[in-house]
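Please keep the structure open while reading.

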Amino acid sequence: TSPSLFSSPPTYYQHLHSLSVPDHQLPPLFLSDSRRSRLLAQSITMAEEHDVTFESADAGASLTFPMQCSALRKNGFVVIKGRPCKIVDMSTSKTGKHGHAKVHLVAVDIFTNKKYEDLSPSTHNMDVPNVSRREYQLLDISDDGFLSLMNDDGDTKDDVRMPDGEIGEKIHKLFKVDEKDTNVVVLTSMGEEAAVEAKEAPRQ
C-alpha cells in the first residue's frame, strides 16, 4: 500500500524518491541534513555569482574615471559641478612657501557651452567623463523635432533631438534647404547625448 500523507517523514521521503522527485521539488521537511546543506550551499554560491556579475556590468558601464589633477590637459575632459566639460585653459600655482600646488581649470560644458571654473590641489583626483563621438547619416527630421539617423552598420537611431541655435540651423539648411546628403556628429557622455556638428556627406 502507498504511504499516506500522515506517514512518518522518512517513509514519505523514501516514497517521493521512489517516484524520482528531484531534490529542488522536495519539501524541506523531507530533505536529509546532508541534502539540505548541499542545496543551501548551491543557493549561496549562485547568489554570490550573481552579485559579481552585477558589479562587473556596473563597472564596465562607468560614466567617469578618476585622474590626478596634475595629469589633466587642455582640450581634455573633466567633470565640474557634475557636468561633463572640455578644458579650455589651465594653470598651476603655489600658495605660499609650504603650500600645495593648485590647478586652476577653466572649462565649458560639452552640451550647453556653459563656462565653469575649478581650483583644486594638483595631487587630488578629479572625475573625467567617458565621451564618445560618432558620426551618423541623417535620414529625416521628424515633425516633433527629432533626428532620424543611421550608422555605418545600417542601424537606425531616432532619439536625438534637433539642436537649437547654430547647429540646428546648419542641419536644417543642409538637409531641408540645400537637400544635401548630411552627416551629423553625436556626442555622448554621462547619460546625455546631443548633435554637435553637421556637414555635407562625402561623395561615394
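Contact here means heavy atoms within 4.5 Å. Helices (H or I, at least four residues) and strands (E, at least two) are DSSP runs, numbered from the N terminus. Axes are lines fitted to C-alpha atoms, for helices over the stretch in contact, and angles run from 0 to 180 degrees between N-to-C directions. The model is predicted: local features need pLDDT of at least 70, side-chain atom pairs count only at pLDDT 80 or more, and totals for chains, interfaces and linings use all residues. Residues are numbered from 1 along each chain as its sequence is written, and side-chain values use heavy atoms, with hydrogens and water left out.

Helix 3 (residues 165-177) lies across strand 7, strand 8 (146-150), strand 10 and strand 11. Its direction makes an angle of about 45° with strand 11.

These strands belong to an open sheet of five, with antiparallel pairing and the order 9-8-7-10-11; two strands count as paired if DSSP finds at least two bridges between them. Strand 9 (156-161) and strand 11 (192-200) are the edges, each pairing on one side only. On average, neighbouring strands are turned by 45° against each other, direction ignored. Strand 7 (residues 131-141) and strand 10 (residues 182-189) are joined in the antiparallel sense over seven bridges, and Glu-135 stands opposite Val-185 of strand 10.

Which residues of helix 3 are buried? Gly-168, Ile-171, Leu-174 and Phe-175 are, where buried means under 20% relative accessible area, exposed over 50% and partly exposed in between (1.4 Å probe, protein chains only). They cover an arc of only 140° around the axis, so they sit on the same side of helix 3; the arc is that of the directions from the helix axis to the C-beta atoms. Strand 7, strand 8, strand 10 and strand 11 are among what covers them. The face turned away from this buried side carries the exposed residues Glu-166, Glu-169 and Val-177. Just after helix 3, Glu-179 takes a positive phi of about 55°.

A nonpolar core is a set of buried Ala, Val, Leu, Ile, Met, Phe, Trp, Tyr and Cys residues joined through side-chain atoms within 4.5 Å. The largest one has 14 residues, and Leu-138, Ile-141, Leu-147, Leu-149, Ile-171 and Val-184 have the most contacts inside it. Strand 7, strand 8, helix 3, strand 10 and strand 11 each supply at least two of its residues. Apart from it lies another core, of twelve residues, including Cys-85, Ile-87, Tyr-116 and Val-128.
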